[in-house]
Amino acid sequence: MSVENSTHAPAGAHRPTAYDEATFARLAADAAQIVARYPQARSALLPMLHLVQSEDGYVSPAGIAFCGQVLSLTTAEVSAVATFYSQYKRRPNGEYTVGVCTNTLCAVMGGDAIWEELSEHLEVGHDETTPDGKVTLERIECNAACDYAPVVMVNWEFFDNQTPATAVETVDRLRSGEPVAPTRGASSVCSFKAMSRVLAGFPDGRADEGVGAGEATVRGTRLARERGWTAPAFPGESGTGTDGTAGKQPDATPGTAEPEPKPRAKRPAGTTPRTRTAAGAPATRTAPEAAKAAGTPEVGAEQSSAQRSPEGPADSSTAAQDKKQQSEQAKES
């Protein structure tokens with residue numbers, strides 16, 4: 001039976017709208033560190049939402065009130081941000097968020113089959129949680145790991161080159177409480193709350209565990225180094241590309257050489273020539289000044305009806321007059 005995240009908080013269940021004094025003081029100390037990173041306090045809202053999510057397992061009413069109080073925002077402003085990003089959960093989340101990439105490359109490599117197998121095995125759909133509260137299943141647009149497709153993520157840790165069978169084995173081990181190790185990165189998978197605290201900006205000391213970039217990721221760089229490949233230089237820059245000509249200008253055809261033009265003095269951007277001053281020094285007129293002197297509005301500026309002649313040649317033509325008359329008749333009818 002499919003069970004949504006709201007299973008953990010049944011309809012009508014009381015959800016505190018404020019933290020107790022001890023919890024508030026502890027979160028306030030963490031919030032002070034977050035706010036100190038930004039020139040404006042309200043800029044700290046995104047990591048603050050991760051902070052309250054690490055406390056409650058979702059962005060709770062109490063968490064929204066806390067963020068608003070600390071950052072001098074209304075609860076409506078905080079809620080508007082919390083409902084915009086999918087990483088912020090508005091219902092209690094599972095201990096492990098299992099995300100299956102079904103974007104183009106992962107899909108054709110087996111991502112769709114993995115999703116269908118997991119959804120059927122867990123008996124949940126997108127953004128729904130198993131009855132034991134262990135796993136929330138998500139369909140992910142892209143896990144940014146196309147070199148290891150198809151990819152599954154557990155609390156944003158990589159599980160590369162998955163199959164329906166390996167994905168099912170992983171979620172079963174998570175639900176049974178067994179330790180599970182990602183294929184890259186940290187040596188184990190932490191809880192959703194623990195990962196939310198990391199996303200709030202509080203390191204857990206596991207950043208250097210395991211392999212960050214595996215063989216598939218660095219293969220192109222390794223081949224380029226072995227074969228002496230280099231990126232071509234931009235025009236006018238020195239350097240040699242794969243054909244040894246990058247950065248060089250093409251030779252001129254004999255007999256077609258032209259004398260180099262004499263350098264011209266550069267005029268400030270947005271100015272037009274103007275008559276010389278009494279002292280003989282050249283003066284400039286800005287584009288808006290020139291337009292105003294010519295009686296035409298500045299490009300992009302608002303033009304009032306007073307700046308436009310009431311009638312021009314096109315307005316006084318027979319066809320224009322007939323069209324105008326038909327328009328007036330249509331209005332009257």
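Student: Where does Thr 74 lie?
Tutor: Thr 74 lies in the loop between α3 and α4. Keep in mind that this is a predicted model.

Student: Why is Thr 74 called partly exposed?
Tutor: Its relative accessibility is 42%. Buried means under 20% and exposed means over 50%, with partly exposed in between. Thr 74 therefore counts as partly exposed.

Student: How far is Thr 74 from Ile 64 in space?
Tutor: The two are 9.0 Å apart, C-alpha to C-alpha. In sequence they are 10 residues apart.

Student: Why is Ser 72 called exposed?
Tutor: Its relative accessible area is 66%. The cut-off for exposed is over 50%, so Ser 72 is exposed.

Student: Which residue other than glycine has phi near 45 degrees?
Tutor: That is Asn 161, and the value is positive. Asn 161 lies in the loop between β5 (157-159) and α6.

Student: What makes Asn 161 partly exposed?
Tutor: Asn 161 has a relative accessible area of 47%.

Student: Now the helices. Why does Asp 30 count as buried?
Tutor: Asp 30 has a relative accessibility of 10%. Buried means under 20%, so Asp 30 counts as buried. Asp 30 is found in helix α1 (residues 21-35).

Student: What does Asp 30 touch?
Tutor: Leaving out residues up to four places away in sequence, Asp 30 touches Leu 51, Arg 197 and Phe 202.

Student: Which residues of α1 are buried, and what puts them on the same side?
Tutor: The buried residues are Thr 23, Leu 27, Asp 30, Ala 31, Ile 34 and Val 35. They cover an arc of only 140 degrees around the axis, and that puts them on the same side of α1.

Student: How does the reach of α1 compare with the expected value?
Tutor: α1 has 15 residues and reaches 20 Å from its first C-alpha to its last. The expected value is 21 Å at 1.5 Å a residue, and the reach is close to that.

Student: What caps the N-terminal end of α1?
Tutor: Asp 20 does. One of its side-chain oxygens lies 3.1 Å from the backbone nitrogen of Ala 22. A polar contact needs N or O atoms within 3.5 Å.

Student: How do you know that the buried residues of α4 line one face?
Tutor: In helix α4 (residues 75-82), the buried residues are Val 78, Ser 79 and Ala 82. Seen down the axis, they fall within an arc of 100 degrees, so they line one face of the helix. These residues pack against α2 and α3.

Student: What covers the buried residues of α3?
Tutor: The cover includes α1, α2 and α4. Among the buried residues of α3 are Ile 64, Phe 66 and Leu 71.

Student: Which backbone oxygen does the side chain of Ser 119 reach?
Tutor: It reaches that of Val 124, at 2.6 Å. Ser 119 is found in helix α5 (residues 104-122).

Student: Which residues does a cis peptide bond join?
Tutor: It joins Ala 149 and Pro 150, with omega about 0 degrees. Pro 150 is placed in the loop between β3 (135-140) and β4.

Student: Last, how many cavities of 30 Å³ or more does the structure hold?
Tutor: The structure holds 1. The volume of the largest cavity is about 30 Å³. Its lining includes Val 98, Leu 118 and Phe 159.

Student: Which element gives the most to that lining?
Tutor: α6 does, with 3 residues.

Key. Residues are numbered from 1 along each chain as its sequence is written. This is a predicted model: local features need pLDDT of at least 70, side-chain atom pairs count only at pLDDT 80 or more; totals for chains, interfaces and linings use all residues. Side-chain values use heavy atoms; hydrogens and water are left out. Helices (H or I, at least four residues) and strands (E, at least two) are DSSP runs, numbered from the N terminus. Buried means under 20% relative accessible area, exposed over 50%, partly exposed in between (1.4 Å probe, protein chains only). Contact means heavy atoms within 4.5 Å. The expected span of a helix is 1.5 Å times one less than its number of residues. The arc is that of the directions from the helix axis to the C-beta atoms. A polar contact is a pair of N or O atoms within 3.5 Å; within protein, one must be able to donate a hydrogen and the other to accept it, and residues adjacent in sequence count only if both atoms are side-chain atoms. On a 1 Å grid over the protein atoms alone, a cavity is a set of points where a 1.4 Å probe fits but cannot get out, and a pocket is an open set with protein on both sides within 12 Å along at least five of seven lines; lining residues have an atom within 4 Å of a point. Grid points are joined across faces, edges and corners, and a volume is the space filled by probe spheres set on the points.
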